[in-house]
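I opened the notebook to record what I looked up, one entry at a time.

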Amino acid sequence: MKMLSVRDLSVAFGGVLALSEVSFDVAEGEIVGIIGPNGAGKTTLLNTISGLSRASQGEIHFAGTRITGRRPTEIAALGLGRTFQMSQLFPGMTVLENVMTGLHLRTRASALAAAFRTRGMRAEEEEAAGKAWQALAYVGMERFAHRPGTELSFGQQRIVEIARTLVSEPKLVLLDEPAVGLSVTRVAELDGLLRRIRDERGVTFVMIEHVVRLVMDVCDRVVVLNYGMKIEDGRPEEVSANGQVIEAYLGSGFDAARRSS
Amino acid sequence: MMMFGYLLASGITTGALYALVALGITVVYKATRAVNFAHGDLFMICGFIAYTFHVMWGMPYVLSLVLAVAAGFVIGALAERIAFRPLMEQSLVSVLLATIGLSFVLKGIARGIWGGKGDFIPFPPLASPTPISLGGILVMPQQLIVLAGAIAVMLLFAAFFKFTRLGKMMQATADNQKAAKLVGIRTGRVYMYTFAVGTSVAGAAAVLMAPITLLYPDIGFVLFIKSFAAAVLGGLTSIPGAVVGGFLIGLIEAFSGGYISTNLQDVSSYIVIMLVLIFLPQGLFGGRSLRKV
Amino acid sequence: MRLAFGSRQFLALLFLGLAIIPWVANPYILYVANLALLYIILALGLNLLVGYAGQFALANAAMFGIGAYGTGLLEVRLGLPYLLAAPGGALLAMLIGTAITFPALRLSGIYLALSTLAFAMFSQWVLLHWYSVTYGGGGFRVPNLDLSPLPIGPDLGIYYLSWVVTLVLVVLAWSLVRSRIGRAFVAIRDGEIAAQSLGIDLLRYKALAFALSGFYAGVAGALYTPLLGYISPEGFDLFQMIIQKSMIVVGGMGSIVGSVIGATVMVALLELLREFKSTQEIVFGSILIAFVLFRPRGIVTLLRRLPGWEEPLSSFDRRRYVVSGPASPAAAAAATGLARAAAEPARGEGR
């Protein structure tokens, strides 16, 4: 089954066309990379899929359901998770509480139940804590469970953010530059973690990334964007040899120079 | 017809004052994205300072005006240094809170020095109270002086921005902070001057207005709300908008007060603020859509 | 066995102290203590909205007024007994507080602050000028509190009623924030966009926060009516707004204990400076500036480091989730290379 299907997606902000008739599919269990120079529309693409931006044209289907134009909370409820490029954990909570917040959609206690601390609410809270703890342990961060979110380094926070997304057992996770702030060793570990999650939990990933090594190693397929348009879609090896792609990143002069040398 | 003329004149005159104060609010907002809650109280303090010079110590009016404006400049710069600059990094909401605090401190000081809650201090009129007839409308000479003065200040203000170096730096910082820094403009200093200029304009407005209304410590907040309504109506990022907004609010007040009920005078600004922020947040002239502050 | 003195113990002690005040103090102190109880309720409600959910709204004083007026008018105009009029007034404040949410959803920061301020000024104007309903600027008297058949006079009656209500509201707020609701509020405050992606419905939780603060302020207003015996628009003005804001800034935003501390400190200060309005203004204004500049998180931050004073946004059994040694099954499960990342020391606080 196609986990994600994007068809002729166009997004305009004011007079600017951020995305122009982008189409691609993501199969279940794939890890797809989205690459392209700055301003190519990658984050806009993720924003539109997750419901934070409005599509002007085109359709998006997620796990067989049409999600174009739906609100981010509804799309999240369908099993789509997302991390952010510049985001951090919520500074006002501990690491564990951050991950527990990821279970918001899987818990039901109402304000009244919470205020009166009903038995159901307390049981739900313990269960949520347990699941959050397990998710933290899965990514190796349980040592920081009770620290405030801000005490972790940026790279560590990104990892916890993945746990926060994982804890609700999503079908598809959108990652926006997960490797930012990670050292070379940590990137290799992230590589391993993403594969593990895909293999053991069956999660599909779509990730924007600039770190070439990660893209090459972990992605099954790569989609290349430039100026809001898709210019290539294929296996990492194919894409990296593609002249158009190189040109997009480095400018046509470079490619000509490279070829003539 | 008499009534209409009277209301028109009155509305334009008070409108000119709201325009001046709104200018100060907009200028500071444009440069810093923050709103100075104490703006009206700075106005009030300048008015009281002018009162001290002119009425209590007998200095000539124009000199008092100049001194009050100068005092406004200094106080504005100080306020920026103390309550504003250190908080700009924190958050704009902190700035608002701090300026709220400042507003109360200024009010308390004014109340302590010059009078209590019920005391309304009169300022002697500058011109004779006999009305002049302008095209069938009866106008008080005092109103004309106020209007002329306000327009003069606005023109000076516009000239300052267009022609002086500091003015251009302020504009640059307002338009694009980062670029301004890159070009070497010391944005901290510019903020200080922006504040100071905004306050002196308010000071000028205070002195101009003092002869026609009474001066009392709580007037600062009242004026702030009305001028904020004017600024928001015109679009917080638009300086001509502030001027237009000011006149509009003045006219709305005058006409609703005259034709519907005097009670409506104050409340029309509150309603304007609510309606504009809900339905037309960028105001009449503000281009961009409302950013989350 | 260690005797811990944490926030729970502090609150218990405070309420115990407040319970015995009628036996040891004169009527004036009793009045001030009663006022403190009401301000605790006000500060709590405001903190839920501003401190926890991050909605910087300036209409709380108006809600306070609506609660008081609602109660008083239901008593005087419709002849309802206090115990019916009070919930009525509180509910009215809650409804109006919630109604504000809809426009507020699109606004934030300064725009939210100023539009809610305009609303507050507008409602004060209504209270002042709608003579036919609200009796206008002169205000009106309300009947004394009659708690018969309980053998308790009006002064003591209102005091203990306030005591009970305040205690209940503190406990409810305390429980509420230590749940997914509290986490949802803080998520909205700290990162609205990420919160949405986690499925947190902004409209619903902002509405809840506004409703709660409206309700709390309304209850405070309903209790204020019999305390004063008289209602007029004066007590619900801008200054009132500043006092309430100062309470949570000084006490600590995003903290239940902070709300309580801030309220008691400010009420004490208010009464001490009662004679001199101008001094009141200068002192409150300076305190606000000083705290915003130097200790924006409030007094409570000094206490938070101590054990027992933390205010978590969760309520599970802490003892089950401690990283001990390799014997802990959780640690054994995390056998990936990233466990080495966990072994890195965390950075110091702040970045």
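Before the first entry I noted that two strands pair if DSSP finds at least two bridges between them, and that helices (H or I, at least four residues) and strands (E, at least two) are DSSP runs, numbered from the N terminus. I also wrote down that this is a predicted model, in which local features need pLDDT of at least 70 and side-chain atom pairs count only at pLDDT 80 or more, while totals for chains, interfaces and linings use all residues. Residues are numbered from 1 along each chain as its sequence is written, and chains are lettered from A and ligands numbered from 1 in the order in which they are written.

**Entry 1: an open sheet in chain A**

I looked up the sheet of 4 strands in chain A, which is open, pairs in the antiparallel sense and has the order β2-β1-β4-β5. Strands β2 (16-27) and β5 (65-66) of chain A each have a single partner strand and stand at the edges, so one side of each is left without a neighbour in the sheet. I then followed β1 (residues 2-13) of chain A to β4 (residues 57-62) of chain A, and found an antiparallel pairing over 5 bridges. In that region A:Ser10 stands opposite A:Gln57 of β4(A).

**Entry 2: strand β8 of chain A**

I next asked about burial, where a residue is buried if 20 or more other C-beta atoms lie within 10 Å of its own, exposed if 12 or fewer, and partly exposed in between, with C-beta atoms placed from the backbone. In β8 (residues 204-208) of chain A, 5 of its 5 residues are buried. A:Thr204, A:Val206 and A:Ile208 lie on one side and A:Phe205 and A:Met207 on the other, and both faces are covered.

**Entry 3: two helices of chain C**

I compared the axes (lines fitted to C-alpha atoms, for helices over the stretch in contact, with angles from 0 to 180 degrees between N-to-C directions). Those of α7 (residues 154-177) and α10 (residues 202-228) of chain C come within 10 Å and cross at roughly 170 degrees. The two helices are therefore roughly antiparallel to each other, a label given to angles over 145 degrees, whereas those under 35 count as roughly parallel, 65 to 115 as roughly perpendicular and the rest as oblique.

**Entry 4: chains that touch**

Two residues are in contact if their C-beta atoms, placed from the backbone, lie within 7 Å. Among the 2 pairs of chains that touch, chains A and C have the most contacts, with 55 residues of chain A meeting 46 residues of chain C. The largest share of the chain A side, 8 residues, comes from α5(A). No contact joins chain A and chain B, and their closest C-alpha atoms lie 10 Å apart.

**Entry 5: the core**

I noted that a nonpolar core is a set of buried Ala, Val, Leu, Ile, Met, Phe, Trp, Tyr and Cys residues joined through C-beta atoms within 7 Å. The largest one has 303 residues, and A:Leu136 is one of those with the most contacts inside it. Not counting residues up to four places away in sequence, A:Leu136 touches residues including A:Val95, A:Met141 and A:Ala163.
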